Amino acid sequence: MERLGTGIGWRPAIAEAVEAMAGIEWVEVVAENVCPGHLPDSLRRLRERGVAVVPHGVGLGLGGAERPDPVRLAALAERAEALGSPLVTEHIAFVRAGGERTGSRGLEAGHLLPVPRTREGLAVLCENVRIAQDQLPVPLAVENIAALLSWPGEELTEGQFLYELADRTGVRLLIDVANLHTNHVNQGEDPAAALDALPLEALAYVHVAGGFERDGVWHDSHAHPVPEPVLAVLAELASRVRPPGVLLERDERFPSAAELEAEVEKIRRTVAAAGRDRVSVGAGARPGSVPAPGAGVAAGPVADEAARTRLALGQTALLSALVAGTPAPEGFDRRRLRVQSRMLTAKRGSVVASLAPELEQILGDTYRPRFLRYAAARPLAGGYRADALAFALHTLREEPPAERAARRALRDWWIERSGRASLVGRPWARWARVARFALLGR
């Protein structure tokens, strides 16, 4: 595996700080947030300096019941080529469910949700990963996710599940040590035992991130400093194998550039210190058994359509309980489902506010409670930008602001963003204005 070194997640809000950091050897970008034909100047300058850029996808849903969407795969491949990336990464998760296979409406999670660690779930995942590998121009690595809840009837531990996945497909692994810590707190899984079972020879790189604990639940926020327990898991991993790359993830509540740089340096020191006492590769992990990319792999059982349908029904029932208020599927922890549901709604409101900050400016302190009421009965369907428009229209129709200026500002925002403003000045402008007021009830 190509050596990456020490890096940080590139985000527009910290672009200048990242460029100025000493010792940054590579960066990672959210694949869906960059346009191949219009790369940010900061990323172009980093590439010109020889800094590697890795696209990190969040939308494929490789753990879902359906085969990967060719359009999404092509978009990920296009970004890898535009950035000259040595590899691309995605998650071991499902992000949508429902649709034709289940005879129900399609649902979007807006979040990474865990796949069942069963033999059948593994077979579906392996086939999806192989499809993705065939369509991508560079190697693929997949990441373990933080899970608040687990599926009933699971047959494999996380380490066993990841080992089988790498063994059958030859895929590389992106190990998030913060997620191992999250699963330790939330599900009682021992990080050291997971590391012992992992095929560390398949390691592509490592994620490190912060979070916080509340009411016995660890929240993988990516908005807090990296805590000592997460650094301890990183040290455990680095004592077993030299990571090809280690990267700090920070997505919100960015600290000063000096604080970010100090965190990167702490990660670098942790890896270096652990490396001085490093044991042989993958202690307890059967080194050498996972093939290199392109080598023959132990394919294992193939998922048939019946298996995909059973997985689809299960994932649809779970996601519907989380975002549409349907009853909890049998065997799931109902308290955890409620916590996860609240987290999904809160995240949805935060993402909409970041994409459309004008909405929070117009509605002020009422934005959050209004959005929670709106989202409670309206699952995410068409992406966050469509969600922002739908929320604005719902607010105008169902509970408009009391202040006339706020109503007018919200109405004008919706008209401009929805494309209705393009009618102004045309021969049918008067009709458009009449239709607009009829539609909005104003």
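Residues are numbered from 1 along each chain as its sequence is written. The model being predicted, local features need pLDDT of at least 70 and side-chain atom pairs count only at pLDDT 80 or more, while totals for chains, interfaces and linings use all residues; side-chain values use heavy atoms, with hydrogens and water left out.

The chain contains 16 helices and 12 strands, where helices (H or I, at least four residues) and strands (E, at least two) are DSSP runs numbered from the N terminus. Of its 442 residues, 53% count as buried. Here buried means under 20% relative accessible area, exposed means over 50%, and partly exposed lies in between (1.4 Å probe, protein chains only). The accessible surface of the chain comes to about 19300 Å², and 53% of this belongs to carbon and sulfur atoms. Accessible areas come from the Shrake-Rupley method with a 1.4 Å probe, and for residues only the protein chains shown count as cover. Among contacts in the chain with a separation of 6 or more, 76% are between residues 24 or more positions apart, a contact being heavy atoms within 4.5 Å.

Side chains of opposite charge can pair when their charged atoms come close. A salt bridge is defined as a side-chain nitrogen of Lys or Arg within 4 Å of a carboxyl oxygen of Asp or Glu. By this rule the count is 25 salt bridges.

One of these joins the side chains of Arg310 and Glu120, with an N to O distance of 2.6 Å. The pair links distant parts of the chain, since Arg310 belongs to helix α10 (residues 305-323) and Glu120 to helix α4 (residues 119-135), 190 residues apart. Arg310 is partly exposed, at a relative accessible area of 46%, and Glu120 is also partly exposed, at 32%.

Glu265 and Arg268 form a salt bridge with an N to O distance of 2.6 Å. Both lie in helix α9 (residues 257-275), and because they are three residues apart there, about one helical turn separates them. Glu265 is partly exposed, with a relative accessible area of 30%, and Arg268 is partly exposed at 24%.

In the salt bridge between Arg370 and Glu399, the closest N and O atoms are 3.7 Å apart. This pair too links distant parts of the chain: Arg370 is in helix α13 (residues 367-376), and Glu399, 29 residues away, is in the loop between α14 (384-398) and α15 (404-418). Arg370 counts as buried, at 9% relative accessibility, whereas Glu399 counts as partly exposed, at 22%.

Salt bridges also link Glu66, Arg67, Arg101, Glu127, Glu305 and Arg308 in a network. Leaving aside neighbours within four places in sequence, Arg101 is in contact with Glu66, Arg67, Glu305, Arg308, Thr309 and Ala312.

A patch of positive charge on the surface is made up of Arg334, Arg335, Arg338 and Arg342. Patches consist of residues with over 30% relative accessible area and no salt bridge; like charges are joined within 9 Å, and nonpolar side chains (Val, Leu, Ile, Met, Phe, Trp, Tyr) within 5 Å. Lys and Arg count as positive and Asp and Glu as negative, while His and the chain ends are not counted. The place of a charge is taken as NZ of Lys, CZ of Arg, CG of Asp or CD of Glu. Arg342 is found in helix α11 (residues 334-355) and is exposed at 53% relative accessibility.

Two further residues were examined. Pro327, in the loop between α10 and α11, is exposed, with a relative accessible area of 72%. The C-alpha atoms of Pro327 and Ala317, which are 10 residues apart along the chain, are separated by 8.4 Å. Gly245 lies in strand β12 (residues 245-248) and is buried, at 0% relative accessible area. Not counting residues up to four places away in sequence, Gly245 touches Leu4, Gly5, Trp26, Ala204, Tyr205 and Val206. The C-alpha atoms of Gly245 and Val206, 39 residues apart along the chain, lie 6.1 Å from each other.
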